[in-house]
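Open the model in your viewer and keep the selection tool at hand. This tour goes stop by stop.

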Amino acid sequence: MAFEPPQRLVRALGESVPDADDWVDKLPDTAGQAVALRELTVERVQVPGGRSSLVVLVRRPDGTPAVLKLVPPRSRPESERAALAHWDGRGAVQLLEPFVTEGVLLLERLHPDVSVRSLPEAKALLEAAGTLRRLWMEPPGDHVFETVAERTGRQADAMRSAPAEVAALVSAALDARESLLAAPPEERLLHGTFRQSKVLSATRTPWLAVGPDPVVGECAFDLARLVRDRVEDLIATPSGAATTRRRVKRLAESLDVDQERLRGWTLFRAVESGVRALRVGRPRDAELLLEFAGWL
């Protein structure tokens with residue numbers, strides 16, 4: 001079978017990964033070798049798939065359905081493997097191999113075409129939040145995960161070169177980060193890139209998280225990305241600003257997170273994403289994200 005990478009993946013990697021072309025060019029051979037090594041039967045490549053990996057639906061030699069995931073080195077597959085091993089299926093997809101071979105992970109098969117985003121908005125937020133709560137564990141004592149301070153430090157450096165017209169928002173976001181990092185309330189292993197589309201329907205439990213970019217820090221950082229889910233719908237409604245503020249309050253209360261800390265991290269992450277969208281030539285996405293950030 002030819003392992004043609006979906007165009008969504010090719011475009012996204014081209015924006016964010018400097019050596020993506022080399023990885024994509026080698027992908028058919030890498031996927032073929034991974035399949036042969038594990039004696040897998042290929043069903044299909046998941047399309048449109050994700051923005052940071054190739055996902056192939058396969059069956060193991062005993063007929064068990066599984067997912068073969070191929071991840072470029074810059075997306076930290078070893079970190080993803082370590083987080084999935086620590087969660088051990090609690091709230092997240094189960095890792096079926098204890099090791100990573102050249103950025104290849106073999107995972108439990110979920111229902112890839114059914115995410116929590118398919119539910120009505122209020123129900124989707126409730127189910128997503130419940131899944132996220134299960135992931136917030138003490139990190140392993142000898143962990144090598146990136147910290148929130150380290151990740152946002154790199155992001156903050158990139159934000160400082162943003163255009164002048166967004167300087168006020170960038171300044172507010174950087175001030176919020178500095179204040180939040182001064183006294184974090186807890187240290188947990190976080191999903192890192194959690195949103196509704198990262199929660200898929202499963203068989204052994206209704207919903208499980210996939211695709212972590214794990215980081216260690218406070219829970220409000222993880223929850224912040226969920227606040228802006230369906231941002232295009234929020235922007236399109238006259239009550240978007242009020243709805244956003246209610247969402248911050250509701251999510252903070254439901255997960256025992258300080259409301260002001262959640263608001264601060266939501267501001268930082270929205271501005272960072274908006275500035276990054278400007279940098280890679282996605283002005284419409286940037287406009288949505290920065291308007292949303294202005295409501296906070």
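**Stop one: salt bridges**

Start with the charged pairs: the structure holds 24 salt bridges. Keep in mind that this is a predicted model. Now look at where each partner sits. Arg204 lies in the loop between strand E7 (199-201) and strand E8 (207-209), while Glu108 belongs to strand E4 (residues 104-108), so the pair ties together parts that are 96 residues apart in sequence.

**Stop two: a helix crossing**

Next, select helix H7 (residues 219-227) and helix H10 (residues 259-279). They pack at an angle of about 65°, and their axes are 8 Å apart. The crossing of H7 and H10 is right-handed. Show the side chains at the contact. From H7, pick Ala220, Phe221, Asp222, Leu223, Ala224, Arg225 and Val227. What kinds of residues make up the contact of H7 with H10? Seven are nonpolar, one is polar and four are charged.

Move on to the second largest pocket, which holds about 200 Å³ of space. To outline the second largest pocket, select Glu121, Ala122, Leu125, Leu126, Ala129, Thr243, Arg246, Arg247, Arg250, Leu251 and Ser254. Colour helix H4 (121-135) and helix H9 (240-254), the elements that give two or more residues to this lining. Which helix gives the most to the lining? H9 does, with six residues. Finally, colour the lining of this pocket by residue type: five are nonpolar, two polar and four charged.

Note on methods: Residues numbered from 1 in each chain as written. Predicted model: local features only at pLDDT ≥ 70, side-chain atom pairs only at ≥ 80, totals over all residues. Heavy atoms only, no water. Axes fitted to C-alpha atoms, helices over the stretch in contact; angles between N-to-C directions. Helix = DSSP H or I, 4+ residues; strand = E, 2+ residues; numbered from the N terminus. Left-handed = near helix turned anticlockwise from the far one by under 90°. Contact = heavy atoms within 4.5 Å. Nonpolar A, V, L, I, M, F, W, Y, C, P; charged D, E, K, R; others polar. 1 Å grid on protein atoms, 1.4 Å probe; cavity = no way out; pocket = protein on both sides within 12 Å on 5 of 7 lines; lining within 4 Å. Points joined across faces, edges and corners; volume = space filled by probe spheres on them. Salt bridge = Lys/Arg side-chain N within 4 Å of Asp/Glu carboxyl O.
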